[in-house]
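Please read the following note alongside the sequence and the coordinates. It is meant as a set of separate points for a colleague to check.

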Amino acid sequence: MNDFAAHPHQTSSPASSSGTIPPPPLPGTSLRKERGAIAAQACDTCRARKQKCDEQRPRCGTCQRFHVECHYREPQPTKKDKTLVEILDKLKVLDVLNVLENKIDHLSSRMDHLSATCHPNTNSITATHFAPTPPLTVSTGHSTGIHGVHPAVAHHRSPEGLSNGVPHALPNIASLTEDQGHYQYVSAAHQMLAWPAIQGHLAAIQPKCPTRDLKSVATECPAIALGAHFSMDYTIPISLQNGDNFNPAPVSAPISAFGLDWDIMQTLSMAYFDAINLLHPILDRHTFLTQTLPTLFKNGVDHRLQSTIAFLVFALGEVALGNYRGAPINAHGGRPSGMRGGSKSHPPGITLFNEARKRLGFSVTETSLEMVQAYTLASTYCATCSYPMGFWKMSREASLACQSLIMINPGVLSSPQADLLRRAFWHCAVMETCLNLELGFPLTGLEKMENVVSLPDFSTSFSDDDYISNQETQYQEHFASQIALRRLLVEFHGTLSRSPYNTIAPSTSSTPNTIRHMATDLEHWRGYLPPNLKWQEDTPGAFPPSATTYNGPSIYSPVTTATATTTTNSTPAISPMLPTPQAGTMSISSVSSVVGSVSMSGSGVIPQSVASITASGLRSPQLSHQQPILNSGLGLQQHQPVPQPQMFTADLDAPPVRYPYAHDVQVALLRSRYYYAKYLIHRPFLYKALHHPDAMTQDDAIGAAECLKASLKWPIAMSPTCLDKRLVPCPFFFTQNFFGILVLLHLVLSDKVPILTKIKDTLCGGERFEMEAKETVELYVNWIRDLSDVEPSAGWDWDVVSAMFGLEGNG
């Protein structure tokens, strides 16, 4: 049975039937008495008496009146929650298995050490299928590691995240030393670039890239990624366009003073909840749309957090609309950029974001869930507009605010806000892990509370829109699966950081066995995924196997035919997630420019005609179950058939399929982070192949091949997700990894290292691997080139990549 049909969108409420919520009455007007709220969960006493329960805790009013004990049942999972509950149950099983496996690994390591001490291995390396190859000739200068905290972040040390100046729990800036053949694992791409063999390869490229000091990449990359080496052009602007001043409107003012009316507020809010909030499920849609918006419309905005959060939601709503309907900020070789909407100096939503910034200072001392949400939304906005320094600082503040709230008010974990706090907590944990692994930033101490904060179960109010979006994308399952993968990644990272790898005599090291166990755990994680999230290992762009059976046709319906008008590079494609504007109405793509340029005195309010565009913004349920998803842009000829369907494609010139609810970003994130984890845990084998090829065993060679194969064609860089770069969380995390992979692939494809050539030809798939490696190079180069106009690290990386591959200049 089609679950979507059981919950028809058009009958859920007046708001969902028309796509818009009618504006609330202004002060002074008559109010129609509304139906009382239905209790979400009655206590056992009220349930037995079949009367309404006021749900007070710890005892409801009825139980207080009769002086009886008040007991609430645990909420039972509904049908829509079944898959999520299964994921959470499997997470608990994995936790137990991890504890047992850690004890076994620790015992194995001690036995290996004892055996090596008592019976040193003086025999030669066991003969393998690989003939010894002379080691690479590299410079004798050895790059020292980074101990403690990078200078760029030294002045932001956190007592909660540091112990004697060194990050705890996740020792991510491990020193790159090779004492008697022991290689210390590192996680960051720039640390990998400090390998002697890689430094030798970069030294050969240096003459082609005179504007960049490639020797400094190992020590200065965190500062480069944050834009610390660049001008103020990479800071968040406080003015809009030439000659425009910052908004002079007072902090407390009617909503019309900011160029907003009810229709625009609703449109931007729905755009946020139909895209951004599905990737970062921080806010409760029902509460925001039915309480926050009406309050702001009637009473205006002020300095409180409710107004701050609303402006952040509006700003991110503009980002979502600009991503889908805005013009590309640049074009390279006739190919439109995947950064859409606004420009480098005027990103979408900047006016509204600055209004939020102006109010945020009033609440910095507040300890509340709203404070955590405000910082989280602010960090998300900074990421969408390529402000990495702002992203890091706001993410850090969100983590610290979350810790403060739990420490000061532990009862919040059992309050009605508990699930929203858990969502924010795990979102912060995932973002903090990305920053820790890739840039070596110190932890804030958030990870110490993981055993206190349980996993989210999305038990808050669940609107019809949430139900539909979850049926379409399973965003709750995606979020839970991301948490599980992050837990595995943290465990892998900690284990490898504590296990030096003897690259000369691997038989005396437990690292290869440890990596095999990790790879098995990673495969188990993928095997535990719900059927509608699974994919085949060697086909990262394919639809899930259950796509033809899960929930009917849904959004997995392939593109078969399309009717579209040909567009030029300067004209944005029209996404099916938004209706094509008709004559006499305002295009939603113009919302950003109009909201950004309106008079702050209130005379520039967007016309009411914008209401003709559905406020549901980025979704078209009528396309999801009755028709195939249609594409309408980028030069597609009318009625052109599309070959065998793939959810993601490496053909960047093919007309992109645009999925509702940012579903392609959700799927691409999950898969790309899986391949990142696999690539990371196998990278020690690649180090050995580059520096000690004469000691390689068959198992080592297989591990190096797994590392190379895992680096190919991450879906986040494929189409259509590469056109949604503004929606990708923490984009410079992928930028840095793509840059490191491009350096490795250039080394592999150049056939300058015999052992890598042999591994490529015999264990990676030969010609197929080479073809996919070249496709990967094009994908990752395109990613870096797109972001080079707006992201500091991408501009630096682009100069090196273009010199390495002999590409033309940026533009």
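This is a predicted model: local features need pLDDT of at least 70, side-chain atom pairs count only at pLDDT 80 or more; totals for chains, interfaces and linings use all residues.

1. Residues are numbered from 1 along each chain as its sequence is written, and side-chain values use heavy atoms, with hydrogens and water left out.

2. The UniProt record, an unreviewed entry, places the annotation "domain: Zn(2)-C6 fungal-type" on residues 42–72; such positions are given in the numbering used here, feature names are shortened, and annotations may be inferred rather than shown by experiment. Over residues 42–72 the chain is 39% helix and 0% strand, with the end C-alpha atoms 7 Å apart, where helices (H or I, at least four residues) and strands (E, at least two) are DSSP runs numbered from the N terminus.

3. If a disulfide is taken as a pair of cysteine sulfur atoms within 2.5 Å, the count comes to 0 disulfides. For Cys43 the closest cysteine sulfur is that of Cys46, at 3.6 Å, which is too far for a bond. Cys385 is likewise in no disulfide, since the nearest cysteine sulfur, in Cys382, is 7.8 Å away. With buried meaning under 20% relative accessible area, exposed over 50% and partly exposed in between (1.4 Å probe, protein chains only), Cys43 counts as buried because its relative accessibility is 0%, and Cys385 counts as buried at 5%.

4. Asn323 belongs to helix H12 (residues 305–325) and is buried, its relative accessible area being 0%. Apart from neighbours within four places in sequence, Asn323 is in contact (heavy atoms within 4.5 Å) with Arg340, Arg658, Leu723, Asp724, Lys725, Arg726 and Leu727.

5. His691 lies in helix H23 (residues 683–691), and it counts as buried because its relative accessibility is 12%. A polar atom of the His691 side chain is 3.0 Å from the backbone nitrogen of Ala197.

6. Helix H17 (residues 464–473) packs with helix H18 (residues 475–497) at an angle of about 65°, and their axes are 7 Å apart; axes are lines fitted to C-alpha atoms, for helices over the stretch in contact, and angles run from 0 to 180 degrees between N-to-C directions. On the H17 side the contact involves Asp466, Ser469, Asn470 and Thr473, which meet Tyr475, Gln476, Glu477 and His478 in H18.

Notes. A polar contact is a pair of N or O atoms within 3.5 Å; within protein, one must be able to donate a hydrogen and the other to accept it, and residues adjacent in sequence count only if both atoms are side-chain atoms.
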